[in-house]
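Visitor: I have a structure to explore and some questions to ask. Can we look at it together?

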Amino acid sequence: MPVLAWMLGLLWFSLTLPGAAPLSVKSDGVVVLTGGVGRFQRGLKVVESGAARRMLISGVGRTTTRRQLAAAYHIGTRRLRTTDLGYEAIDTRSNAEETARWVAANKFASIRLVTSAGHMRRARLELARVLPAGIAVLPDAVPSEPKAPSLAVEYSKWLLRRAALLAGAA
């Protein structure tokens, strides 16, 4: 029975993956969680379209510079003038903590969260844990074609983390 419940949950998880948010919806800032294809480009598009004023790239390698980032994506460094690089995050929990500090420092009331569709629920769960009440989070999932094994892993991580938080673990 537990296996059947997990499988049905995975089916629900897979069929209800979030999509991209319209650029017509504005937020104060956009947060890009590193680790997946298309995330940085989506964040840059959000800022350049005027849908957000600043961008945080959370989880950047400690030695990465704006110049290196611009070179890697074949863009001018001027396009990164409203981009902050977050060097402290190493996982989803620390992405959320780094984001909360950035939101507070910038006095933002709303953010757009850019990550993969499969990772979105867990990232939002962690953000809800650390962001002050009233901060609006707009999910903006980068389109991808997730494979069943990676979705199963992400679903399991989300379930376990949700259970831990419900049990009172930090």
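Visitor: How many cavities of 30 Å³ or more does a search of the whole structure find?
Guide: First, the terms. On a 1 Å grid over the protein atoms alone, a cavity is a set of points where a 1.4 Å probe fits but cannot get out; a pocket is an open set with protein on both sides within 12 Å along at least five of seven lines. With a cut-off of 30 Å³ or more, the search of the whole structure finds one cavity.

Visitor: What kind of model is this, and how are residues numbered?
Guide: Residues are numbered from 1 along each chain as its sequence is written, and side-chain values use heavy atoms, with hydrogens and water left out. Local features need pLDDT of at least 70, side-chain atom pairs count only at pLDDT 80 or more, and totals for chains, interfaces and linings use all residues, as this is a predicted model.

Visitor: What is the volume of the largest cavity?
Guide: Grid points are joined across faces, edges and corners, and a volume is the space filled by probe spheres set on the points. For the largest cavity, that comes to about 40 Å³.

Visitor: Which helix gives the most to the lining of the largest cavity?
Guide: Lining residues have an atom within 4 Å of a point. Here they are Leu33, Thr92, Asn95, Ala96, Thr99, Leu113, Ala123, Glu126 and Leu127. Helices (H or I, at least four residues) and strands (E, at least two) are DSSP runs, numbered from the N terminus. With four residues, the helix that gives the most is α4.

Visitor: How many Å does α4 reach from its first C-alpha to its last?
Guide: The expected span of a helix is 1.5 Å times one less than its number of residues. α4 has 15 residues, and 21 Å is expected. The model comes close to that, and α4 reaches 21 Å.

Visitor: Which helix is included in what covers the buried residues of α4?
Guide: Buried means under 20% relative accessible area, exposed over 50%, partly exposed in between (1.4 Å probe, protein chains only). The buried residues of α4 include Asn95, Thr99 and Trp102. Their cover includes strands β1, β2, β3 and β4, and also the helix α5.

Visitor: Is Arg122 buried or exposed?
Guide: Arg122 sits in helix α5. Leaving aside neighbours within four places in sequence, Arg122 is in contact (heavy atoms within 4.5 Å) with Thr92, Glu154, Lys157 and Trp158. Because its relative accessibility is 12%, Arg122 counts as buried.

Visitor: Which elements do the buried residues of α6 pack against?
Guide: Helix α6 covers residues 148-166. Its buried residues are Leu151, Ala152, Glu154, Tyr155, Trp158 and Arg161. They pack against α1, α4 and α5.

Visitor: Is Arg161 buried or exposed?
Guide: Arg161 lies in helix α6. Leaving aside neighbours within four places in sequence, its contacts are Arg93, Leu125, Glu126, Arg129, Ala169 and Ala170. Its relative accessible area is 7%, so Arg161 is buried.

Visitor: Where does the largest share of the lining of the largest pocket come from?
Guide: The largest pocket has a volume of about 160 Å³. The elements that give two or more residues to its lining are α5 and α6. The largest share, five residues, comes from α6.

Visitor: Is His74 buried or exposed?
Guide: Most residues other than glycine have a negative phi. His74 has a positive phi, near 55°. His74 is in the loop between α3 and β3. Its relative accessibility is 73%, so His74 counts as exposed.

Visitor: Where is Lys107 found?
Guide: Lys107 also has a positive phi, near 55°. At 73% relative accessibility, Lys107 counts as exposed. Lys107 is found in the loop between α4 and β4.
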